[in-house]
Amino acid sequence: MTTTAMSRARSRKGNGIFPYVNGVILCLLMFLTLYPVINTVAYSFNDGTDALRGGIGLWPRVYSLKSYVSILSDKSVYQAAFISASKTIVTTLLNLFWTGMIAYALSRREFVLRKVITTVLVLTMYVNAGMIPNYLLISKTLGLRNTFLVYIIPTMFSCFNMIVIRTYIGGLPDALVESARIDGAGDIRIFWQIIFPLCTPVLATVALFVAVGAWNSWFDTYLYCGSDKNLYTLQYLLKMKLATTQASSNAAKTSADALKTTTLTTPVTIRCAITVISTVPILVVYPFLQKYFVTGMALGSVKG
Amino acid sequence: MTSVSPDLRKEQLKPVRRKGFFPTLGKQWQLVLMSVPIFLYVLFFNYYPMYFWVTAFQDYKPKLGVLGSKWVGWKNFEWLFSRADFINSIRNTLAMSVINLVFGTVSAVLLAVLLNEVKNRKFKRTVQTVTYLPHFLSMVIVVGMAQNIFASNGAVNELLMGLGLVREPVFFLGEGKYFWWLVGVINVWKEVGWGTIIYISAMTAIDPCLYEAAAIDGAGRFQRILHVTLPGIKSTFVILLIMNIGHLMEAGFEIQYLLGSSVVMDWSQTIDIFVLKYGISKQQYGVATAAGMFKSVVAIILLVAANLTAKKLDEDTLI
């Protein structure tokens, strides 16, 4: 046997086992990723008192819909869902509009302010005034505490998303803009009628990033709207449930009869049920957008 | 089409250059209209707050304002560095961000290599869809799940006891020494899939001829990974590493805040949580701003150093 034949045989032998080992590893990884998620769903459909014993795996032990019933009969949950949804929709639309527009302006090489504005914007990705100065600006200078606007105004623009969109526009043929300009169209019209519609894939990516960020945030509520129950979001409700569950599980450690005093639907199962409810919108949208955001991430990180 | 456009652009640029700055600006009023409002917005929301950094040198009272509050010089900083809990929070921030950086990078590169070896596109896509998912879950949800999994009667303890590795359940959530590692593990779980995206896109740019040539030369699968795949993502790896070193002062805030409790505070309190505690809850704005400013300044130094290193290494610069 020649050496090449030997090595070819060896490599073929390596090919024989490796794909299976790799497949097993990746399947295990998928299981580890999904286990906590399924576990939470299982908890949410379990009976509250029984759940205190723990040890629930991938399936509820004592099936019960009580957590969902008690959540869906709670008016504050509906209000929170409404706030979460409107915050997400308004923030996303505003972001797409503003970010897309400035991304187009900064993609024009002939624009005289291009360098100045780009530098100032990009620096914000690295330098941050910090939590307290921002808090003082928003709550003291602008007086936005306990208003819905506090969810919208501070998060209207993100430089990272701007770079993602600008890179995408840079990849479109220049002739599109040039020929429109020869036909007499101004930049606003070129952007709105030609570039914006062509950017659908990257706008979908950015919309997903912004929407998920807005939907998932709880800290803004904590900082600025903690005293107005009408402005609570779903994530903030969840965060408060997290705190009470922690407290009650600490109490359960100290007193043996904690089990007797807790009601049928304990916070653990309630919390899991709210988790499920607040995650469903993301789970529904996300698989459809996957092919977009992968390219979007690659675009942003190349230039970022 | 693209061969025509540079000439066209040149023709447009020529009169522009002769006219000088302001006439050109006037001619580009539509572009100005599209960009300057956001520019002003950013100046106001991102740069103007830095004005409040002067409160780090004051005994700041919101009622008196920046101009009316008493100046105290470096007293706030002296107070900070005399406190053990601030020193602790610097240590915790650095420790957790280094753990996150090492765990996060290693796991993402490993997973990207494994995914790159998968030939079945459907399977590859399924793995990607599943592992990207946790990135989209909020930290509140993730911490809630972690509390179930790592509880004394949770899945991890049941597994450990089932395997006979421990006799008594381990109090992962109640003992400080586990906290940093717990944060590291949770962050890997949440971000490992997302982290692979950039490495996989770097791997698709590798010329397939290299793999063929290596195979003809007798390189096995592991040798091809070692000598073709990994060198192919080296520059991406270095850029990301340097960028992350610039972010070493950002250990995250949400996870420590949500997962931590008074029992593990010595290990869970990061600079951000320190700032939150003193600034928002105790309303000692001057001290909290000083702590935040310290963090920002160190971050800028790290970033500039990282950027200079990157230039020296002949990679693309970050800005």
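Start with burial: of the 304 residues in chain A, 38% are buried, where buried means that 20 or more other C-beta atoms, placed from the backbone, lie within 10 Å of the residue's own, exposed means 12 or fewer, and partly exposed is in between. Before going further, keep in mind that this is a predicted model, in which local features need pLDDT of at least 70 and side-chain atom pairs count only at pLDDT 80 or more, while totals for chains, interfaces and linings use all residues. Residues are numbered from 1 along each chain as its sequence is written, with chains lettered from A and ligands numbered from 1 in the order in which they are written.

Chain A has 15 helices and 0 strands; both are DSSP runs numbered from the N terminus, with H or I over at least four residues for helices and E over at least two for strands. As for its contacts (C-beta atoms, placed from the backbone, within 7 Å), take those between residues at least 6 apart in sequence: 75% of them join residues at least 24 apart.

Now for some packing inside chain A. Helix α4 (residues 75-107) and helix α8 (residues 159-171) of chain A have axes that come within 8 Å and cross at roughly 50 degrees. Those axes are lines fitted to C-alpha atoms over the stretch in contact, and the angles run from 0 to 180 degrees between N-to-C directions. That angle makes α4(A) oblique to α8(A), because angles under 35 degrees count as roughly parallel, over 145 as roughly antiparallel, 65 to 115 as roughly perpendicular and the rest as oblique. On the α4(A) side the touching residues include A:Asn95, A:Thr99 and A:Gly100, and on the α8(A) side they include A:Ile165, A:Arg166 and A:Ile169. Sorted by class, this contact has 7 nonpolar, 6 polar and 1 charged residues. Here Ala, Val, Leu, Ile, Met, Phe, Trp, Tyr, Cys and Pro are nonpolar, Asp, Glu, Lys and Arg are charged, and the others, Gly among them, are polar.

What do the buried residues of α6(A) pack against? In chain A they meet α7 (149-152) and α12 (219-224), and in chain B they meet α16 (271-281) and α17 (285-312). The buried residues of helix α6 (residues 131-141) of chain A are A:Met131, A:Ile132, A:Pro133, A:Tyr135, A:Leu136 and A:Ile138.

Over on the chain B side, B:Thr289 sits in helix α17. B:Thr289 counts as buried because there are 29 C-beta neighbours inside 10 Å. Leaving out residues up to four places away in sequence, B:Thr289 touches A:Gly130, A:Ile132 and A:Pro133, along with B:Phe52, B:Trp53, B:Thr55 and B:Ala56. B:Phe52 is 237 residues away from B:Thr289 in sequence, yet their C-alpha atoms are 8.0 Å apart.

Finally, step back to the whole interface: 82 residues of chain A are in contact with 80 residues of chain B. Helix α1 (residues 3-44) gives the most to chain A's side, with 18 residues. By class, that side has 49 nonpolar, 24 polar and 9 charged residues.

Methods:
Two residues are in contact if their C-beta atoms, placed from the backbone, lie within 7 Å.
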